[in-house]
Amino acid sequence: MFDGFWDNVFRYPRYLISIVLGIFLNTLEPLFPLLKRPVTLIAILGLFTGGLFFVTLTVRAMLGLNPM
């Protein structure tokens, strides 16, 4: 009765990973030609680092965590 049930359930994580990876790659694909120039690469890495730092500070402030 439930022969294929667990096989089907265990396929969902693989499906989720493939969907997320596909969205991630399609989002970043237009940036790959820009990474060939060093100035653009530094600018993109700076924006990414600054954005990550901003999100980290925002979440810490929202949770009331104090820096150590």
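Which helix gives the most to the nonpolar patch? Helix α2 does, with three residues. The model behind that answer is predicted; local features need pLDDT of at least 70, side-chain atom pairs count only at pLDDT 80 or more, and totals for chains, interfaces and linings use all residues. Residues are numbered from 1 along each chain as its sequence is written, and side-chain values use heavy atoms, with hydrogens and water left out.

Start with the fold. The chain has three helices and zero strands. From the N terminus on, the order is α-α-α. Helices (H or I, at least four residues) and strands (E, at least two) are DSSP runs, numbered from the N terminus.

Now the overall dimensions. The C-alpha trace spans about 60 × 40 × 15 Å along its principal axes. The radius of gyration of the chain is 20 Å, whereas a compact globule of 68 residues would have one near 11 Å. That radius is taken over C-alpha atoms, and the globule rule is 2.2 Å times the number of residues to the power 0.38.

Burial comes next. Of the 68 residues, 1% count as buried. Buried means under 20% relative accessible area, exposed over 50%, and partly exposed in between (1.4 Å probe, protein chains only). The chain exposes about 6,600 Å², and carbon and sulfur atoms supply 76% of this area. Accessible areas come from the Shrake-Rupley method with a 1.4 Å probe; for residues, only the protein chains shown count as cover.

Back to the patch. Leu 21, Phe 24, Leu 25, Phe 32, Leu 35, Leu 41 and Leu 45 make a nonpolar surface patch of about 620 Å². Its members have over 30% relative accessible area and no salt bridge, and nonpolar side chains (Val, Leu, Ile, Met, Phe, Trp, Tyr) are joined within 5 Å. A salt bridge is a side-chain nitrogen of Lys or Arg within 4 Å of a carboxyl oxygen of Asp or Glu. Both α2 (11-28) and α3 supply at least two residues each. Leu 45 lies in α3. Leu 45 counts as partly exposed because its relative accessibility is 46%.

Follow α3 itself. At 1.5 Å a residue, its 26 residues should span 38 Å; the end C-alpha atoms are 37 Å apart, which agrees. The expected span is 1.5 Å times one less than the number of residues. Val 39 sits in this helix, residues 38-63. Val 39 is exposed, at 62% relative accessible area. Thr 27 is twelve residues from Val 39 in sequence and 21 Å away in space, C-alpha to C-alpha. After α3 comes Gly 64, with a positive phi near 75°.

Finally, the aromatics. The whole structure holds two aromatic pairs. The rings of Phe 5 and Trp 6 have centres 5.0 Å apart and planes at 75°, so this pair is edge-to-face. Rings of Phe, Tyr and Trp (its six-membered ring) pair if their centres lie within 6.5 Å; planes under 30 degrees apart count as stacked, over 60 as edge-to-face and the rest as tilted. Phe 5 is partly exposed, at 42%. Phe 5, Trp 6 and Phe 10 form one aromatic cluster.

How values were computed:
Patches are made of residues with over 30% relative accessible area and no salt bridge: like charges are joined within 9 Å, nonpolar side chains (Val, Leu, Ile, Met, Phe, Trp, Tyr) within 5 Å.
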